[in-house]
Amino acid sequence: MDRWLATGQLKRSESSITDTESTSDHPVAKQKRKVRRKYSDEYLGLGFHWTGSEAEPLPLCLVCLETLSNEALKLCKLRRHLETKHGEYVTKPLQFFENKLKEYQSKEGRAMGNDNAIAVETSYLLSELIAKTGKPHTDGETFLLPGTKIIVEKMLGEKALQPIKLISLSDNTVKRIIDDMADNVLDQLIQDVKASRFYAIQLDESTDIANVANLLAYIRYEKNAEIKEDVLFCRPLPTHSTAEEIFDVLNTFILSNGIEWSKCVGLSTDGARAMLGQHSGVVSRVKAVAPLASSVHCSIHREALAAKKRPLELKTVLDQAVKAVNFIKSRPLQSRLFGVLCGEMGSDHKQLLGKVLTRLFELRDEVRLFFLNSKFELAHCFNDFEWLAKLAYLADIFSHLNSLNLALQGSAVSVFKVQHKVEATIRKLAQWKKRVDQGNYDSFENMSDFLTKEETWLPNTVTNAVKEHLEGFKTQLREYFPALDAQCSWIENPFEVQDEALAVLSAKEQDGLLDLSCDTSLKL
């Protein structure tokens, strides 16, 4: 009897913090709920802390970091673990295990900090992806993050989802991160420009689809012995796009970011009156604060102006071709019907996209049939041999112009390269004119193929229009791209120094250039 009472008291003492689990086989006992043991602070004296949820804590050994089951939250089981696995710590005081707990919590804090840092970095990388692809900011929260969770759960299991939940991609978060990255990129650019010995600026004023006038500024600067090019800013103009307002926007940005005007050595503009005004234009205002700055008219804009002038006959054909394209593309139904017609005729193209004049000429037969059922005033043009020949020439010459335009673009393009490309084009135009005089049209692929297919010669009216255009274009290019000053020739080729070049240099610079120009080993 006494033994039974002692056993009962021991059981009651061990389960004082929770209800005891019944070992009876009685049906009523089996229906009892599973016991969830709670953690007690006195367990720390045995070297145990807890982990998991508060509803079902799991004992954690602070010595070996082993996690036991909830059922092991008993003094006897925890003491048995300490005695059997860590006997040398049985006599350790409570303070020893308190120090162990501080070490564990410190490590856990660092681990959690690392996870948060990785989650923030991931948010930045995904926001950068959203910005580069031009997707809505809401795609992060509604598409990107849910898709990532599905992939991780299916491929790596549910446990791997825990770090994913730390990633934040809400609409406001993505916007804030993108703004933060943009500010950081601008700060880096400003620091690079400040560190550069010199810089040059290109300005362009344009109107967007919302009819807002914007000022775009590009900058070239020196970094690591290389010339770098980047977008400096894009700012809306307050009201009118006058020289005063354009300069105010530019000057405010330069001064507010601590950039020195004295380092500005170049300014490129589009040649508009507000830019080039002799007394109050942007160029004159910039030169007033940047004495070293020299101005230049944008080479691409000059090339476009040179190509703008053409004989009346060719201009008429170009305008009519544009009207024909607009008539087909103006209504969705007509565009679809034209696509069906091209498909039935086995054409390589089904839409008038890309290089429009070339595509229109290649689809001339399809367009002719399409206009049979349409009341279009210019339908007869596609039955006119001379009109089609002029269209072929325009398609060819615009292809050459596109190639020249692309050659004048890019950060690696210098004033010398621009001049070389233009000089080559001027000489080619003269050569093309000679070939046309000889009846050779190999320089114009579409027109040559057209004449071969039709088995005929080009009428004099078309030949004269082509020669007039080639001669006029050559004259315009020379007008907008005069030969470079001989004083700058030494920059491109220091081994052939002209006396004119020495005049603009100091005595020390002249001596150094002469030494360089006579160094045959360096030249080889």
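The model is predicted, so local features need pLDDT of at least 70 and side-chain atom pairs count only at pLDDT 80 or more, while totals for chains, interfaces and linings use all residues. Residues are numbered from 1 along each chain as its sequence is written, and side-chain values use heavy atoms, with hydrogens and water left out. Helices (H or I, at least four residues) and strands (E, at least two) are DSSP runs, numbered from the N terminus.

- Strands of a sheet pair through backbone hydrogen bonds, either parallel or antiparallel.
- Here two strands are said to pair if DSSP finds at least two bridges between them.
- Five strands form an open sheet in the order β5-β4-β3-β6-β7, and the pairing is mixed.
- At the edges lie β5 (226–236) and β7 (294–297), each of which pairs on one side only.
- From one strand to the next, the twist averages 20°.
- Strand β4 (residues 213–223) pairs with β5 in the antiparallel sense over ten bridges; glutamate 222 has isoleucine 227 of β5 as its bridge partner.
- Strands β3 and β4 also run antiparallel, joined by nine bridges, and threonine 207 has alanine 213 of β4 as its bridge partner.
- Strand β3 runs parallel to β6 (residues 264–269), with four bridges joining them; the partner of isoleucine 201 in β6 is leucine 267.

**A helix across the sheet**

- Helix α8 (residues 243–256) lies across β3 (199–207), β4 and β5, and runs at about 120° to β5.
- For such angles, axes are lines fitted to C-alpha atoms, for helices over the stretch in contact, and angles run from 0 to 180 degrees between N-to-C directions.
- Contact means heavy atoms within 4.5 Å.

**Residues with positive phi**

- Most residues other than glycine have a negative phi, and most peptide bonds are trans.
- Asparagine 211 takes a positive phi near 60° in the hairpin of β3 and β4, which has five residues between the strands.
- Asparagine 224 is in the loop between β4 and β5, and its phi is near 55°, a positive value.
- Asparagine 224 counts as exposed at 67% relative accessibility, where buried means under 20% relative accessible area, exposed over 50% and partly exposed in between (1.4 Å probe, protein chains only).
- Leucine 65, in the loop between β2 (57–61) and α3 (75–85), has a positive phi of about 60°.
- Leucine 65 is partly exposed, with a relative accessible area of 48%.

**Helix α16**

- The expected span of a helix is 1.5 Å times one less than its number of residues.
- Helix α16 (residues 385–407) has 23 residues and should therefore span 33 Å; its end C-alpha atoms are 34 Å apart, which agrees.
- Aspartate 384 caps the N-terminal end of α16, with a side-chain oxygen 3.1 Å from the backbone nitrogen of glutamate 386.

**Serine 448 and the cysteines**

- Serine 448 lies in helix α18 (residues 445–454) and is buried, with a relative accessible area of 16%.
- Apart from its neighbours within four places in sequence, serine 448 is in contact with Tyr441 and Asp442.
- A disulfide is a pair of cysteine sulfur atoms within 2.5 Å, and by this rule the count comes to zero.
- Cysteine 234 is partly exposed, with a relative accessible area of 45%, and cysteine 518 is exposed at 60%.

Note on methods
A polar contact is a pair of N or O atoms within 3.5 Å; within protein, one must be able to donate a hydrogen and the other to accept it, and residues adjacent in sequence count only if both atoms are side-chain atoms.
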